[in-house]
Structures are given as structure tokens and as C-alpha cells.
Amino acid sequence: MINRQKGTYDIYGKEGKVLKQISYVVDAYASLYNYDYIRTPLFEATELYHRSVGENTDIVSKETYDFKDRGERNITLRPEGTAGITRALIENKLYGNRNDTIKLYYDGTMYRYERPQSGRNREFTQVGVEVFNSDDVMIDAEVISLGFNILRELGINDVEVHINTLGDKESRSNYTESLVEYFKPHINNLCPDCQKRINTNPLRILDCKVDREMDIFKNAPKINDYLSKDSMERFKKLESMLKILDVDYVIDNNLVRGLDYYDHVVFEYITNYSNVTLGGGGRYNHLVEQLGGPELPAVGFAFGVERLINEIINNQEIEEQKLDVYIMSINEEEKMHALEISQNLRLNDIKTEINGNNLSMKSQFKIADNAKFLIILNSEELNKGLVKVRDNATKEEVSVDESEIAEYMLGII
Ligand code: AMP
């Protein structure tokens, strides 16, 4: 037997159902908020991720699936959605009219060569949104609240949005400098990864999973003290807008996120009791330019779909959707009628099943137990143009004209 690869999963049964429910809700909300769907390729030039996500991030330095294709091109399986969408925006000149905000949403599998553990897979699914060509803090608020409202609609209520700001370029660079100065004398106490990060990506030291609880972390410089006046005001405005939109949020000054391209707001949706990060995002005003496009500010987020599925399965009853009708048949003649009636019912939105497995009457009764109604066919009645309908709850039976079966069923379901 050939088994699935480490860190990959088959999604079926209850999980499959919830996965579809999530896409349904995301599609509905994306439409309400006026987003268009975009699909970009599963693999891109390796260079794209080096130039966007960042050379020194964990994702690019240790986690990408890189390979050379048969034409010797350097290819990477996408580890996240934003870089590919930004590439598509530039390549297809989606910013045609410079007054439009471009609102896009996507879903798809992502690949990261991580150590598989709970909530961390090598193949996983993200759904996300990106808004280009607006630097308005109102859009930051709208994007954050869109994610929050999707979670609410999915019945995921015990969540807070952790928000932080990295400020504008200047604030961020002053803050980074002060972090380096602060951590340098403590370098020997830091984990090996952070010892490297101090030179390559000092901000990332702040969200180190290993060192986080140490006292030197608690006393580290805070971004607030390095924000320019404008960045500070922008963050305050965002807070008042999130209040208007009823978003439960907390300020978390250690939140920096693992990708290089953010400025201003960064945020994560985190469950309160189990501390699971369901998704995250932020503003990235320089990425489009950095990838060779025009100066277009942008903001977006992504959810990890498998984490949403787990959250829903662990905390909610997943209802089995009952069959409306099971059509019982035994011989060839009955089967022909069953097939025709089943199509008639299904095209009238009635959820219907037939005996597709040559089962005995007894086995069919057993299988049909979860149906609201049975239609029982027998040759004698069919010759008179009749079928029998049984209410599975009351066991009452009536004979109905075969030619009127759909109308009849629509009247009682
Ligand atoms: P990121 O692209 O790293 O900002 O991640 C956004 C969201 O995707 C996270 O909050 C997770 O919910 C999900 N995610 C990221 N990496 C993984 C992974 N390896 N396995 C499952 N979900 C992931």
C-alpha cells in the first residue's frame, strides 16, 4: 500500500462537509463585501518568494518546496497566497483604473516543509483576501472586520483579533535598530535561531516561540515608543473604527508575524481558550513596488482552513443532512422507474437516493432509515400508474400518481 506523504491529509466525512461550509460562507461574505475571486498558479518562480516573503524568513530559508523542473527552471510550490496574487496583479495590470480599489479573494493549497504537528501541516489550505490601491485606514478596519465576521458566521465566537502596528518605514527601521542594540548584550542567552535573527531579521526575535517567556523579552523596547506621530494617529483611528464595527480586539505589541513585507497594522485571529492562531494578515504598502509594479498600497489576511475545520468540529454539533426521499426498487422494471423518478425529484431540489447496490427490501429499509420519506415501487401498482409514499416517522402510506410525484413530494417536504 502507498501511504499519504508526511504532513498531508485526506479530508472527507465530517471534515469534508465543514470544508465545503467554510467555502460557502467565504464566497457569500466575499460577495457581500464586493470582492472578486482570483486563482493563481500552485507554483511560481522561486525568486518571487525570495523577493516578497523575504530571504531571511523561516518560510523562505527553511520551509519552501523548491525544485528544478525538466527545463532547469527554479520553481517553488507556493507557501502563501499574497506573493502570487501581487505578481498576477502586476503582470495582468489589474490596476488599470488608478481610482479603483482592487478587492480580491482566493483559496487554495499551500506548501511548507515544516515539522508536522497539531495544526501545522506540509500541505494546507488558506482562504484569504487582498485589497490593493487603498491606503485608507478604513479599509484596514473593513478587512479585519470581514475576517472577524466570517468567523462569527461560522459559529467561531471565542476569538480575539490581536493587533499591532509596525509603523511606517522610518518607525520600523528606528525600532529595529533599538531592538538590535537591546538584544546584543544578551546574545548568548538567545536561542540559535534568534542569534542569527539579530543580524538578519531582528523583529522576528519578538515572536520567537522558544525565548518568548524570558525576562529579557518582557523588558525589550516597545514599538509604541518608536512610532512617528502619523503612525500613532493611524493606529488610534483604527482602534475607534474596530469599536464601531464591534470587533473584539486586543493590542499585542509583540506581534510581528513571520513575513517580511508588512508595515503599519499586523493582526492575528486567535482563539481565547486554546490560543490557536486561525489566521493573520496586515498592511503591505511596498510589496507591489518591490516586485516591479507601481506604487500601490495593500492590505490582506489569510485563514488556515484546516484550523477552522478543527475549531468547528471540536466545538459544534455537525448535523447529518437527512435524505428527503429514498426510492425502493427491486426488479429491472422498478429500477427504471426509480431512476426516472429520482431525476424528477432531484431536479426539483429534493434530496433523493436510490437502491444502487442491488439490496434486498430489508436492507433498503435499513439504509432508508435516515430518509424523511420512502417511495416504494412495485410492479402491480406501477402498472396502474401509481407509487406508494411512506412517511418514515408516522409510517403512514398513501398511493400517489407517478406522473404527479414531484408536485406531491414538494407539497409535503
Ligand atoms: P501565514 O501565511 O503564515 O500568515 O499563515 C496564515 C494562517 O495560515 C495561519 O494563521 C494558520 O492558520 C495557517 N497556516 C500557516 N501555516 C500552516 C501550516 N503549516 N499548517 C496549517 N495551517 C497553517
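Guide: A polar contact is a pair of N or O atoms within 3.5 Å; within protein, one must be able to donate a hydrogen and the other to accept it, and residues adjacent in sequence count only if both atoms are side-chain atoms. This is a predicted model, where local features need pLDDT of at least 70 and side-chain atom pairs pLDDT 80 or more, while totals for chains, interfaces and linings use all residues. Residues are numbered from 1 along each chain as its sequence is written, and side-chain values use heavy atoms, without hydrogens and water.

Visitor: How far is a nitrogen atom of the ligand from a polar backbone atom of N121?

Guide: For G119, a backbone N or O atom lies 3.5 Å from a nitrogen atom of the ligand. For N121, the distance from a polar backbone atom to a ligand nitrogen is 2.8 Å.

Visitor: How much of the ligand does the protein bury?

Guide: Accessible areas come from the Shrake-Rupley method with a 1.4 Å probe; for residues, only the protein chains shown count as cover. Taken alone, the ligand exposes 480 Å². The part of this that the protein buries is 92%.

Visitor: Which element gives the most to the shell around the ligand?

Guide: Strands are DSSP runs of E with at least two residues, and helices runs of H or I with at least four, numbered from the N terminus. β6 (123-132), β10 (277-283) and β11 (298-304) each give two or more residues to the shell. The most, three residues, come from β10.

Visitor: Which residues outside its sequence neighbourhood does L89 contact?

Guide: Contact means heavy atoms within 4.5 Å. Setting aside neighbours within four places in sequence, the partners of L89 are L94, Y95, I102, F132, V288 and L296.
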